[in-house]
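Here are my notes on this model, in numbered points.

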Amino acid sequence: MNKILGIGNALTDVSVILKSDDILTELNLPKGGMVHINDELFKRIQRIIGQHHVTITPGGSIANSCRAMGHLDIPAGFIGKIGRDQIGKNYAKSLTEVGVENMMVVSPELSSGVCTSFISKGGERTFADHMGAAIDLKAEDLKTEMFNGYQYLFLEGYLVQDHASIERGAKLAKEAGMRVAMDMASYNIILEDHDFCTYLVEKYIDIIFANEEEAKALTGLAPYEAAKELTNYCDIVVVKIGAKGSLIATKEQFSEVPAHTANCLDSTGAGDYFAAGFLYGLVNGHDLSQCAEIGSIMAAEVVQVIGTELTQEKWTKIKHKIAEL
């Protein structure tokens with residue numbers, strides 16, 4: 001079976017369920033967006049959320065996907081950066097205990113990153129990232145030998161904030177004969193660095209995952225038109241359109257796959273699990289509509305829990321659903 005290597009931000013998730021969005025206003029956080037925060041704001045958030053129930057789980061977009069792949073017995077590895085602290089040790093363990101190859105880079109100075117996710121009514125998330133070591137992953141940390149034996153690279157869109165590191169990862173993958181997939185991650189990241197995002201997609205990306213806001217930020221087009229436009233650069237285009245499902249496009253075909261219905265408690269990880277399911281289908285020879293169907297099965301399960309950790313019973317249920325396709 002083909003092996004998938006992920007590169008992304010190694011972040012521990014702290015999920016906070018909000019009764020109202022007043023906290024977002026108080027902290028000047030854009031609802032539905034993602035912002036990087038400094039030490040002062042991080043400490044302020046810690047004081048505020050101390051009054052709320054929180055759920056702590058290993059996170060990071062691509063790492064979430066890799067852990068999900070591990071549960072599905074897909075050979076996967078993950079590259080990220082952590083600190084020499086207990087949070088970092090727990091993070092690395094969360095990968096290896098599900099069979100994901102731990103290829104973490106360890107910073108001797110910085111603490112491990114923490115992402116606080118504020119969950120509004122309806123499951124919409126607002127992220128405040130205290131990146132720590134996660135954002136310190138540098139181009140020179142990525143070595144040629146890390147890519148040996150892998151056939152796919154899965155890149156996290158948030159990494160575009162360091163042009164050199166994400167381009168080096170994509171370049172090393174191409175030199176190793178790998179196909180490169182990318183999750184676009186956040187519409188505001190694209191808007192802030194549109195020219196580089198466009199360059200990256202056009203030069204390196206074979207498989208792209210984007211939600212409708214990200215697709216519009218990248219192309220300026222509505223979801224259907226955006227999906228078709230992106231086939232000019234990518235072999236496979238996946239545009240997620242929320243509760244309506246997903247659009248799957250190549251130069252030869254276009255299909256719409258409905259989402260699975262679910263009682264959404266927290267949309268954290270929905271896109272990550274969708275991508276994991278899609279890539280599972282791809283490496284196992286399913287057609288693209290079936291790949292999206294598997295992605296939808298995965299996403300529907302993870303939105304019914306707080307955070308991204310599923311029970312073994314849930315994973316058994318997912319595997320049964322996939323086997324029935």
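1. Let me begin with helix α3, whose buried residues are Ser61, Ile62, Ala63, Asn64, Ser65, Cys66, Arg67, Ala68, Met69 and Gly70. That makes 10 of the 11 residues of α3, which runs over residues 61-71, so the helix is largely enclosed by the rest of the structure. After α3 comes aspartate 73, and its phi is positive, near 70 degrees. Please keep in mind throughout that this is a predicted model.

2. On the overall fold, the chain contains 12 helices and 16 strands. How does the radius of gyration fit a compact globule? For 325 residues such a globule would have a value near 20 Å, and the chain has 18 Å, which agrees. Its C-alpha trace spans about 55 × 40 × 40 Å along the principal axes.

3. Of the 325 residues in the chain, 58% are buried. Taking contacts between residues at least 6 apart in sequence, 73% join residues at least 24 apart.

4. For the surface, the accessible area of the chain comes to about 13500 Å², and carbon and sulfur atoms account for 49% of it.

5. Now the interior. In soluble globular proteins, nonpolar side chains tend to be buried together. Here the largest nonpolar core has 52 residues, and those with the most contacts inside it are Ile7, Phe147, Leu153, Leu155, Met184, Ile205 and Ile208. Helix α7, residues 194-204, gives the most to this core, with five residues. A second, separate core has 51 residues, including Ala63, Ile207, Val238 and Leu282. You will recall Ala63 from the buried residues of α3.

6. Which residues is it in contact with, leaving aside its neighbours within four places in sequence? They are Leu5, Ile7, Leu153, Gly169, Leu172, Ala173, Ala176 and Met178. Among them, Ile7 and Leu153 are also listed with Phe147 as having the most contacts inside that core.

7. Serine 186 sits in the loop between β12 (179-183) and α6 (187-192). Is this serine 186 buried or exposed? With a relative accessible area of 5%, serine 186 is buried, because the cut-off for that label is under 20%. Apart from neighbours within four places in sequence, serine 186 is in contact with Met34, Tyr158 and Glu214.

8. Asparagine 211 belongs to strand β13, residues 207-211. Its relative accessible area is 25%, so asparagine 211 counts as partly exposed. Once neighbours within four places in sequence are set aside, asparagine 211 is in contact with Val239 and Lys240. Valine 35 is 176 residues away from asparagine 211 along the chain, and their C-alpha atoms are separated by 18 Å.

9. Last, aspartate 85 is in the loop between β6 (81-83) and α4 (86-96). The C-alpha atoms of aspartate 85 and valine 106, 21 residues apart along the chain, are separated by 9.7 Å.

Terms used: Residues are numbered from 1 along each chain as its sequence is written. This is a predicted model: local features need pLDDT of at least 70, side-chain atom pairs count only at pLDDT 80 or more; totals for chains, interfaces and linings use all residues. Side-chain values use heavy atoms; hydrogens and water are left out. Helices (H or I, at least four residues) and strands (E, at least two) are DSSP runs, numbered from the N terminus. The radius of gyration is taken over C-alpha atoms; the globule rule is 2.2 Å times the number of residues to the power 0.38. Buried means under 20% relative accessible area, exposed over 50%, partly exposed in between (1.4 Å probe, protein chains only). Contact means heavy atoms within 4.5 Å. Accessible areas come from the Shrake-Rupley method with a 1.4 Å probe; for residues, only the protein chains shown count as cover. A nonpolar core is a set of buried Ala, Val, Leu, Ile, Met, Phe, Trp, Tyr and Cys residues joined through side-chain atoms within 4.5 Å.
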